[in-house]
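User: Hi! I'd like to walk through this protein with you, one question at a time. Could you help me read it?

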Amino acid sequence: MGATGSKLEKALGDHFPEGERYFGLENFGNTCYCNSVLQALYFCVPFRDQLLEYYANNKSPGDAEENLLTCLAELFSQIGSQKKKTGVIAPKRFVQRVKKQNELFRGYAHQDAHEFLNFLLNELVDIVEKEHQAAKDPLGTSPPDKIANGVKSSQANGVKKEPLVTWVHENFQGILTNETRCLRCETVTARDETFLDLSLDIEQNSSITSCLKNFSSTETLNAEDKFFCDKCCSLQEAQKRMKIKKTPQILVIHLKRFKYMEQLGRYKKLSYRVVFPLELKLNNTVENSDSEYSLFAVVVHVGSGPNHGHYVSLVKSHNHWLFFDDENVEMVDESAVQTSFGSAQEYSSNTDHGYILFYERATINGLIKSV
């Protein structure tokens, strides 16, 4: 990092705790999608702490099998144990593991940061669940949990077992309720499903709050889309809506900036201006909740199209904002977040657009505010 590193070190001054580290990540040929997400996750402090605790408890001399979780934990530990406050680290082992694990990320083509985040979190959950199962049943004599409609469930003597909630779930998992109300008999059918991030459709000159309201808006099912009501035993007109039933500790919001345009026969990037506040209240968009969240990271897509461009991240650490662009790290003003809201006009010279937002539930004196 050289002169840039010493400049950042000077800028950091006494604003940050002694143990905190701010390291750029080397790019291995279009791996900015990976680096930007890693920076956001590193500064997701509850997740980082639990990952490092996992690493400390599971470090064993060479006999442990390497996987994505051990590689990520080792990388975070490597960053945290550096003597200097700033510098550059090469996440080579982690990137190699990602490519080995998923052929989608093997080439040097432009990849999607949201697809990578989704893959990573689900892979971490799978690894922790398998380790939990192995610890419970070291000889592998129990049958694996049955999977129905992508949801794990198991029966023991006819009693349904609750699915395992891992420390990854504790950070990122929320619950959605899919409600359908028959307009003939008024019966409401509700089905719960879990999520690790929310993908929201976006509109020009809108806000995260309005996007969340649209996400939970009521849709009428009629004509060819009628709903089969079990009580009426026939197809009926119905109203359907999706609600957030339980909010997560870390709320990850993915803005759907890449849309398939049939007339063009390809995907197009939507540069719409979508305002996302530093403090987000969910009282108008989630029933029975007055949850408050604070923005702590933004993965930004830079460029005009979906198949090329670049990813960077803006991260809040100890009330200061930093800009991470692969190897380069610099302190920035809070107003830098606003430059990634998007463009009010279709064509703009600014192509930096917020793509994945990371919010943490607000706390007062260390206590989580109402859920």
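User: How many helices and strands does the secondary structure of the protein come to?

Analyst: Happy to start there. The model is a predicted one, in which local features need pLDDT of at least 70, side-chain atom pairs count only at pLDDT 80 or more, and totals for chains, interfaces and linings use all residues. Residues are numbered from 1 along each chain as its sequence is written, and side-chain values use heavy atoms, with hydrogens and water left out. Taking helices (H or I, at least four residues) and strands (E, at least two) as DSSP runs numbered from the N terminus, the protein comes to eight helices and 25 strands.

User: How far apart should the ends of helix α3 be, and how far apart are they?

Analyst: Helix α3 runs over residues 45–58, which makes 14 residues. The expected span is 1.5 Å times one less than the number of residues, so it should be 20 Å. The end C-alpha atoms agree with that, since their separation is 20 Å.

User: Which residues of α3 are buried, and why do they fall on the same side?

Analyst: The buried residues are Phe47, Arg48, Leu51, Tyr54 and Tyr55. They share a side of α3 because they cover an arc (taken from the directions from the helix axis to the C-beta atoms) of only 125°. An α-helix has 3.6 residues a turn, so residues three or four places apart point the same way. On the face turned away from the buried side of α3 sit the exposed residues Glu53, Ala56 and Asn57.

User: What covers the buried residues of α3?

Analyst: Let's go by contact, meaning heavy atoms within 4.5 Å. The cover includes α2 (32–42), α4 (68–80), α6 (113–136) and α7 (167–172).

User: At what angle do α3 and α4 pack, and which residues make the contact?

Analyst: Axes are lines fitted to C-alpha atoms, for helices over the stretch in contact, and angles run from 0 to 180 degrees between N-to-C directions. The axes of α3 and α4 are 9 Å apart, and the angle is about 105°. That makes α3 roughly perpendicular to α4, a label for angles of 65 to 115 degrees. The contact joins Phe47, Arg48, Leu51, Leu52, Tyr54 and Tyr55 of α3 to Leu69, Leu72, Ala73, Glu74, Phe76 and Ser77 of α4.

User: Is Val274 buried or exposed, and which residues is it in contact with?

Analyst: Val274 lies in strand β17 (residues 274–275). Its relative accessible area is 0%, so Val274 is buried. The C-alpha atom of Ile202, 72 residues away along the chain, is 7.3 Å from that of Val274. Leaving aside neighbours within four places in sequence, Val274 is in contact with Ile202, Glu203, Ser206, Ser207, Ile208, Cys211, Leu255, Arg257 and Phe341.

User: Where is Glu334, and which residues does Glu334 touch?

Analyst: Glu334 is in the loop between β22 (328–332) and β23 (352–361). With a relative accessible area of 42%, Glu334 is partly exposed. Not counting residues up to four places away in sequence, Glu334 touches Leu278 and Trp321.

Methods. Buried means under 20% relative accessible area, exposed over 50%, partly exposed in between (1.4 Å probe, protein chains only). Angles under 35 degrees count as roughly parallel, over 145 as roughly antiparallel, 65 to 115 as roughly perpendicular and the rest as oblique.
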